[in-house]
Amino acid sequence: MNIESSNLGFPRIGAQREWKKALENHWAGKLEENDLIAEMKQLRLESWRQQQEAGLSRIPVGDFTCYDHMLDMAVMFGLVPRRFGHGEGPVPLHTYFAMARGDGENAACEMTKWFNTNYHYIVPEWEKDTEPVLLENRPLEAYREAKKCLGIEGKPVLIGPYTFTKLSKGFPSEKLPTILEQLTPLYAQILIELECEGVQWVQLDEPALVLPHSQEEHEMVAAVYEKLNQAAPGIRIMLQTYFGSLEHYKRTLSFPVAGIGLDFQAGREENLKSLSQHGFPEEKVLGIGILDGRNIWRADLLQELEFLQDEWTQQAACSGWWIQPSCSLLHIPLSVKQETELPSVLKHSLSFAEEKLEEIVLLTHALVEGAEKFSEKLAASHSALEELAHSPWRTRKDVQEATDRITDQDTRRLAPYSERKTIQAQRLTLPLFPTTTIGSLPQSDEVRRNRRAWKQGKQSDESYREFIQQEIRKWIHVQEEIGLDVLVHGEFERTDMVEYFGEKLEGFVVTRQGWVQSYGSRCVKPPILFGDVVYRKPMTLKEVVYAQSLTSKPVKGMLTGPITILNWSFVREDLPRPQVARQIALALREEVKQLEESGISVIQMDEPALREGLPLKAKERDAYLEWAVAAFRLATAGAHPATQVHTHMCYSEFHDILDAIQELDADVISIETSRSHGDLIQAFEEVHYEREIGPGVYDIHSPRIPNREEMTRLMHRALRVLNPSQLWVNPDCGLKTRTREEAVSSLRNLVEAARQLRKEHAEIAQK
């Protein structure tokens, strides 16, 4: 049996986030299009070179993008909404970016989470009478470039036809077969051209095949792959799945593909069960996704090698194995080498994208040449993980005892919502359709420059504190002048809503260059949650209390919720996630107490990642929601009835967790609706929602400034199913990425929209 090393995808942002900087310079008019294209090529070549030098047998090409891989597929197929005015031929770069970010006249395409990750993709839009056409063969271009420049026999990567269709919008579910029929000839043409070029393997990513779907729908997918095989019989297709176990496993084995890739991290147990029951075709290649592509811990290579030599492998004695990560390495940072300040015990336990490649190649060599030859390297990973497991960071009895003392009463507010609502209304005296922002305000170059100087020790604590207070004063004045009802301090002291708390809580560590793409050019640095979580001292108090001292209007205390901190961190694997969530919740509960005791009347605890963490398998969802909701309530339930607790969620499909959102028992929730054009509101037609809600009316991820009429129209959509007394008017997320001019102009329009709504409902307002 032939055993090879393979990768599914690689980080695109570069060692110093060159990708991000190039994009933002181009959007700011500082980098010409040709120069941007040249910089992107260099980054692409460097990523291939790194994989080539690591010794990989199968290097993916075509996974690099200038914004998002789903958007790349959409423009390749000519799926450009009419509002962008595209004619014929390949889609120009300015139109491509307009679809992603919006422009002066047109709203951007919808953006949402890529399965259960924090990566956001641009949702392809199918309009009435859409006729997709192949405008360019991007995988072929990538293959040619890799071969010409580096001599790499690349493995072109595409989103498979089923997954691309399932993640698109603009057609009813019953039209799925029709859309697949329209796309199949285009995929066939791509494969035919690749076959003519001499391409050996093509990776078609079909993560949607791990989602629950009917046997009838699966047969549609089978028919598509039959047609693709007929069109290009010389191409060997690796049907790649990830993020869970393959549904309809037995039927998929008969697909006319040369290989099937399975996730042996998220889907290990179920995929092993399917293998033991149904085996694996001897003529196909099995892609074994054995290394976790979504977490940064070093693999115990001795343990994984033992797994690859276990009894189950007798059922997978096929034509070959590809040893590979469980999914694309897009979801983790590039290299541990840059982390020079981490404790050695921790650093030796880490594996980022470059290190994952080394692990893949080492495992492959150990299987082919024998483990004895590599015994020292294999044992090193086991020793590093053992040392971390027995460190003081992971053996704190006080933390264990605190979580053991948690009772059901600790997750219940002191008064029901019906009573809290009256008490809070008397305390806050807000108008109908109250206005607020989500939390962060624009972070200028000056803010980033001062924060960087302070972190590097070039600016004193006192000087930095004075600067932050200056920014808070300035923006409290701006918010009052605009006319917002509930203000925020702006979060100028925070780099990121999770990283900030990772810096403040014991048990976390923050990296120097551990950047990961979240959406577009937006990169985040997830903290590493490696030990027991301990509350040290107040984390947000000084800034919020100072802001409140400047105004008579309420200023929100801004916290990130336990599930979002959990899901947006790289989390230790030695404890069950519910237990880790409880540790975080207890720390946040103490911060809520500190804010309350200092007179803060409104506290927002954001949970944008609640939906993101929802398991893809329906049978696992109830258990997750139960402990996730309990963690949020543990963090907030200690609040006094007069304290108004808000939460915020954005850019996810929330329709199927509305019951859980109710169970959070927050007084007010704000959600994203601007990019989805209010589609989420229809969910409230089916679920009675009694609490207050702010449907986002301003897409903060776009530089365009929405006018009052657009915002009012979205609120009118909400008023079809919700009472005026329930509704807040707010953006759909924080404003840190926007300029001052964009934010101020948009917020002025937002306040005007609220005033217009109050006029329309003056009778209710008087009551």
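Predicted model: local features only at pLDDT ≥ 70, side-chain atom pairs only at ≥ 80, totals over all residues.

Student: Okay, is leucine 432 buried or exposed?

Tutor: Leucine 432 has a relative accessible area of 13%. Buried means under 20%, so leucine 432 counts as buried.

Student: Let me zoom out. How many helices and strands are there in the protein chain?

Tutor: The protein chain contains 27 helices and 20 strands. Its radius of gyration is 26 Å, close to the 27 Å that the globule rule gives for 767 residues, so the chain is as compact as a globular protein of that length.

Student: What does the C-alpha trace span along its principal axes?

Tutor: The C-alpha trace spans about 75 × 60 × 50 Å along those axes.

Student: What percentage of the residues are buried?

Tutor: Of the 767 residues in the protein chain, 63% are buried. As for contacts with a separation of 6 or more, 80% of them are between residues 24 or more positions apart.

Student: New topic: helix packing. At what angle do H3 and H4 pack?

Tutor: Helix H3 (residues 69–76) and helix H4 (residues 93–101) pack at an angle of about 130°, and their axes are 11 Å apart. An angle over 145 degrees would count as roughly antiparallel and one of 65 to 115 as roughly perpendicular; H3 and H4 are therefore oblique to each other. Their crossing is right-handed.

Student: Which residues meet there?

Tutor: Leu71, Asp72 and Val75 in H3 meet Tyr96, Met99 and Ala100 in H4. The residues of this contact divide into five nonpolar, no polar and one charged.

Student: What about H25 and H26, how do their axes cross?

Tutor: The axes of helix H25 (residues 708–719) and helix H26 (residues 740–760) cross at roughly 50° and come within 8 Å. That angle makes H25 oblique to H26. The crossing of H25 and H26 is right-handed.

Student: And which residues make that contact?

Tutor: From H25, the contact involves Arg708, Met711, Thr712, Met715, His716 and Leu719. The residues from H26 include Ser746, Asn749, Leu750, Ala753 and Leu757. The contact of H25 with H26 divides into six nonpolar, five polar and three charged residues.

Student: Where is histidine 248 found?

Tutor: Histidine 248 is found in the loop between strand E7 (236–240) and helix H9 (249–252). With a relative accessible area of 22%, histidine 248 is partly exposed.

Student: And what is phi for glutamate 491?

Tutor: Phi of glutamate 491 is near 60°, a positive value in a residue other than glycine.

Student: Where does glutamate 491 sit, and is it buried or exposed?

Tutor: Glutamate 491 lies in the loop between helix H18 (461–482) and helix H19 (499–504). Glutamate 491 has a relative accessible area of 9% and is buried.

Definitions and conventions: Residues numbered from 1 in each chain as written. Heavy atoms only, no water. Axes fitted to C-alpha atoms, helices over the stretch in contact; angles between N-to-C directions. Helix = DSSP H or I, 4+ residues; strand = E, 2+ residues; numbered from the N terminus. Parallel < 35°, antiparallel > 145°, perpendicular 65-115°, else oblique. Left-handed = near helix turned anticlockwise from the far one by under 90°. Contact = heavy atoms within 4.5 Å. Nonpolar A, V, L, I, M, F, W, Y, C, P; charged D, E, K, R; others polar. Buried < 20%, exposed > 50% of the residue type's maximum accessible area, 1.4 Å probe, protein only. Rg over C-alpha atoms; globule rule 2.2 N^0.38 Å.
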